[in-house]
Amino acid sequence: MALRRRPLLRLRAGLRDLCLLLLLRGCLIEAVNLKSSNRNPVVQEFESVELSCIITDSQTSDPRIEWKKIQDDQTSYVFFENRIQGDLAGRAEILGKTSLKIWNVTRSDAALYRCEVVARNDRKEIDEIAIELTVQVKPVTPICRVPKAVPAGKTATLQCQESEGLPRPHYSWYRNDVPLPMDSRANPRFRNSSFLLNSETGTLVFSSVRKEDSGQYYCIASNDAGSARCEEQQMEVYDLNIAGIIGGVLVVLVVLVLITLGICCAYRHGYFINSKQDGESYKSTGKPDSVNYIRTDEEFGPSSLFRDLLSPHLVWPGFPF
């Protein structure tokens with residue numbers, strides 16, 4: 001009897017498991033479920049993209065579909081009441097039952113999109129799926145700043161900036177069509193140079209320029225969407241003529257001294273005093289205050305200027321001798 005009951009018990013256990021499996025499967029089928037073939041689509045600006053939202057299980061033949069856009073903590077409708085809403089009107093459509101296709105994508109379309117489905121006949125009526133759209137923008141022509149002339153041994157900074165590319169571009173510099181490394185010490189070809197390149201900011205800094213650093217420079221800004229370059233610019237490195245600079249300064253000083261002496265002599269001879277007679281009236285130092293003298297034309301000649309310049313009695317205006 002015991003042997004006959006064992007197969008019967010096994011049969012009952014199998015039937016019970018089968019019933020539980022069918023019951024569980026029925027519950028799952030009655031719940032609406034969504035999936036997406038790509039939850040992180042990437043598209044270049046001005047191209048088209050499909051945001052995939054697929055209903056895998058549902059007992060409702062005509063579920064309600066909604067698409068929402070979440071950007072900068074603001075939520076707006078994209079598809080509501082069976083029509084495209086907002087700034088996507090005229091640039092988007094629903095594919096199949098639930099997927100969303102956007103035409104002529106712009107950088108402002110980059111956002112988090114949420115597909116929501118309401119199936120009234122299902123035991124679990126609502127399901128949603130989030131899709132993050134990334135829009136890539138090709139860089140525009142960067143602005144490059146290259147010093148035209150730099151004295152040898154001095155520092156020099158070259159700058160490259162671009163503000164439109166998404167994601168943010170990386171920068172590379174070229175000299176005479178030869179790409180420059182991040183660090184001149186890392187490449188034996190540039191062992192005579194001393195520079196550092198920051199590919200994030202686009203700056204190329206020479207700590208001490210040499211004659212070999214002269215040449216045509218340009219920068220390229222690039223990201224996953226493309227690249228752009230600026231026009232070539234010449235940087236000339238010249239030797240600093242110390243002797244010439246010192247000589248020039250000395251010449252200027254000599255000229256200033258001569259001009260100063262001339263002005264003082266002219267002032268001493270009364271050229272800056274208004275005349276009241278045919279001759280120039282003046283008071284001689286060392287003579288009584290009550291006696292006035294009249295200069296003759298001969299006394300105003302060049303010889304008198306140099307004679308008075310060498311005179312020990314010369315009084316320099318403005319100088320406390």
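I started with cysteine 53 and cysteine 115, which form a disulfide with their sulfur atoms 2.1 Å apart (a disulfide being a pair of cysteine sulfur atoms within 2.5 Å). This is a predicted model, where local features need pLDDT of at least 70 and side-chain atom pairs count only at pLDDT 80 or more, while totals for chains, interfaces and linings use all residues. Residues are numbered from 1 along each chain as its sequence is written, and side-chain values use heavy atoms, with hydrogens and water left out.

**Entry 1**

I looked up the torsion about the S-S bond and found -70°, a left-handed link between cysteine 53 and cysteine 115. Cysteine 53 sits in the loop between β3 (49-51) and β4 (54-57) and cysteine 115 in strand β10 (residues 111-118), so the bond ties together parts 62 residues apart in sequence. For my own reference, helices (H or I, at least four residues) and strands (E, at least two) are DSSP runs, numbered from the N terminus. Next I asked myself: is cysteine 53 buried or exposed? Cysteine 53 is buried, at a relative accessible area of 1%, and cysteine 115 is buried too, at 0%. Here buried means under 20% relative accessible area, exposed over 50%, and partly exposed in between, using a 1.4 Å probe and protein chains only.

**Entry 1: the other disulfides**

How many disulfides does the structure hold? I found 3. One of them joins cysteine 144 to cysteine 230, S to S 2.0 Å. The torsion there is about -95°, so this disulfide is left-handed. Cysteine 144 belongs to strand β12 (residues 143-145) and cysteine 230 to the loop between β20 (226-229) and β21 (233-238), 86 residues apart. Both cysteine 144 and cysteine 230 are buried.

I then turned to cysteine 160 and cysteine 219, whose sulfur atoms are 2.1 Å apart in a disulfide. Their link is left-handed, with -80° about the S-S bond. Cysteine 160 is in strand β14 (residues 156-161) and cysteine 219 in strand β19 (residues 215-223), so the pair ties together parts 59 residues apart in sequence. I noted both cysteine 160 and cysteine 219 as buried. With the bonded cysteines numbered in sequence order, I wrote the pairing down as 1-2, 3-6, 4-5.

Cysteine 264 is buried at 10% relative accessible area, and cysteine 265 is buried at 8%.

**Entry 2: a helix residue**

I picked leucine 256, found in helix α2 (residues 242-268). Leucine 256 is partly exposed, with a relative accessible area of 47%.

**Entry 3: glutamate 45**

My last stop was glutamate 45, in the loop between β2 (42-44) and β3. Glutamate 45 is buried, with a relative accessible area of 15%. Which residues is glutamate 45 in contact with, leaving aside its neighbours within four places in sequence? I listed Val105, Thr106, Arg107, Val135, Gln136 and Val137, where contact means heavy atoms within 4.5 Å.
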